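I opened this structure to go through its domains, its ligand shell and its helix packing, and I kept these entries as I went.

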Amino acid sequence: KEVKLWGGRFEENVTDAVERFTESISFDKQLYKQDILGSRAHASMLAHQGLMSDSDRDSILQGLDEIGRQIEAGEFVWRTDREDVHMNIEAALTDLIGEPAKKLHTARSRNDQVLTDFRLWCRDAIDAILSRIKNLQVALLTLAEQNAGLIVPGYTHLQRAQPVLLQHLLLAYVEQLERDAGRLLDCRVRQNFCPLGACALAGTGLPIDRFMTSNALGFTAPMRNSIDAVSDRDFVLELLSANSIIAIHLSRIGEEWVLWASEEFGFLTPSDAVSTGSSIMPQKKNPDPMELVRGKSARVVGDLVSLLVLCKGLPHAYNRDLQEDKEPVFDSVKTIMGMLEVSAEFAQNITFNQERILKALPAGHLDATTLADYLVKKGIPFRTSHDIVGRSVAFCVAKNCQLQDLSLDELRSINPVFDKDVYEFLGVENAIHKFCSYGSTGAECVASQLDYWIAKLDINRD
Ligand code: ARG
């Protein structure tokens, strides 16, 4: 058996069970690119500071290039007995170039090394998630443009509430996603500081230049406090919180679309390309992708909770528990990217069923609140108008009709203030035209929202 890189004080090797239990190579090999980048920057800095010769640096850089090539070509052998990505690469480098490799870990610990890798990885992950958020926003915006003028029932408590433009609802999703992107951008700013050179926890007595490595790796600055640098995991807690909120947003859209695709609603039909069938019921066409978007939000939230619980109660500085931080982060990022991608594809593959929606609109007294506003315009205090309209609705319920079906005499029997101009306020089509407040579902307000997003998302058009 090979002697461990840290084997100096040990007389016995670890047992196989301990080796299997403590390894992280099975998942942290994902960090190989970042690990190589970090080592390159570190070696260059060490040479610049006179801590290694230029020729040692050059053979390290060449050796790291070769290892990177082997990994990408699938030729590299990852060894569990070399524990993690850092020691796999360092030991392979020693196999490859000999003595100079032994200088690479000068003024560095795996504690600052792993965090450098991890922060670089998360930075790329954030950028990848951001571009998928934008794709989904564009898909939703396109859907909104394709469905101009379509009115749908708006719901509260899942009961018919007031009419809204479908565009208005779709743009509500776009707004939520914009805040999601904002949260990621925020956490990217706080995250982009460099732990390298914090070493195990206390820094080093060797004359390193942390600003040089930080710069080379594209960080804003080195982290100010070496204990903080190797202890902090709030950069991933923030990322996983932001992911969880995205997941919850997507899950709500998923729930809405699944519901709307049901026979009972029938408001939308997904194309075959985004539907799946049943192994027993030949007629079935299910909206599985959005059900799974809803379902997978559970694991994204679970990943956050795992990480929160992991960090709770850990004394400063590094503890091996922290090795458990990788898998939830990898899982959360992979899952959220899939959820965003599939939601965008689903959006590109649904048709809203105008006919079914139009048929649904008259029921549910969606114009009742507009009628109350009509009475306010006649000088009636709102509480009183609420009551008058409430009694009008009760009248309709008893008669099994809609507000617009009531005759002027019937309305006047409820309250004499009603006049014949009331019919300009009744019926869904009329009611929706009355909305005019900023941010409302009125046609002009929605049109200006649409313009805003078209400009903001930079949609190319002829
Ligand atoms: N694989 C470890 C992790 O992910 C790397 C740091 C190990 N440091 C140590 N002193 N054992 O946290």
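The entries below follow the order in which I looked things up.

**Domains.** I noted before anything else that this is a predicted model. The chain is divided into domain 1 (7–106), domain 2 (111–356) and domain 3 (360–456), and I took these bounds as they stand. For domain 2 and domain 3 I looked up the separation of the centres, which comes to 39 Å over C-alpha atoms. I then turned to their contact, where 14 residues of domain 2 meet 16 residues of domain 3. On the domain 2 side, the elements that give two or more residues are H6, strand S1 (151–156), strand S2 (159–165) and helix H7 (166–191), and S2 gives the most, with five residues. By class, I recorded nine nonpolar, three polar and two charged residues on that side of domain 2.

**Ligand shell.** Which residues are around the ligand? I listed Ser24, Asp28, Asp84, Arg110, Asn111, Val114, Arg320, Leu322 and Gln323. These divide into two nonpolar, three polar and four charged residues. Helix H6 (residues 110–146) gives the most to this shell, with three residues.

**H4 with H5.** Helix H4 (residues 54–72) and helix H5 (residues 85–97) pack at an angle of about 115 degrees, with 10 Å between their axes.

**H6 with H7.** I came back to H6, this time for its packing against H7, where the angle is about 165 degrees and the axes are 9 Å apart. That makes H6 roughly antiparallel to H7, and I noted that H6 passes H7 in a left-handed crossing. The contact of H6 with H7 has 17 nonpolar, three polar and four charged residues.

**H10 with H11.** For helix H10 (residues 234–260) and helix H11 (residues 288–311), I found that the axes come within 8 Å and cross at roughly 160 degrees. The two are therefore roughly antiparallel to each other, and their crossing is left-handed. I classed the residues of this contact as 15 nonpolar, six polar and four charged.

**Backbone.** Where is the residue other than glycine with a phi near 55 degrees, a positive value? It is Cys199, and I placed Cys199 in the loop between strand S3 (193–194) and helix H8 (210–216). As for the peptide bonds, I recorded a cis bond joining His316 and Ala317, with omega about 5 degrees. Ala317 lies in the loop between H11 and helix H12 (326–347).

Conventions. Residues numbered from 1 in each chain as written. Predicted model: local features only at pLDDT ≥ 70, side-chain atom pairs only at ≥ 80, totals over all residues. Axes fitted to C-alpha atoms, helices over the stretch in contact; angles between N-to-C directions. Helix = DSSP H or I, 4+ residues; strand = E, 2+ residues; numbered from the N terminus. Near = placed C-beta within 6 Å. Nonpolar A, V, L, I, M, F, W, Y, C, P; charged D, E, K, R; others polar. Domains from an automatic or database assignment. Contact = placed C-beta atoms within 7 Å. Parallel < 35°, antiparallel > 145°, perpendicular 65-115°, else oblique. Left-handed = near helix turned anticlockwise from the far one by under 90°.
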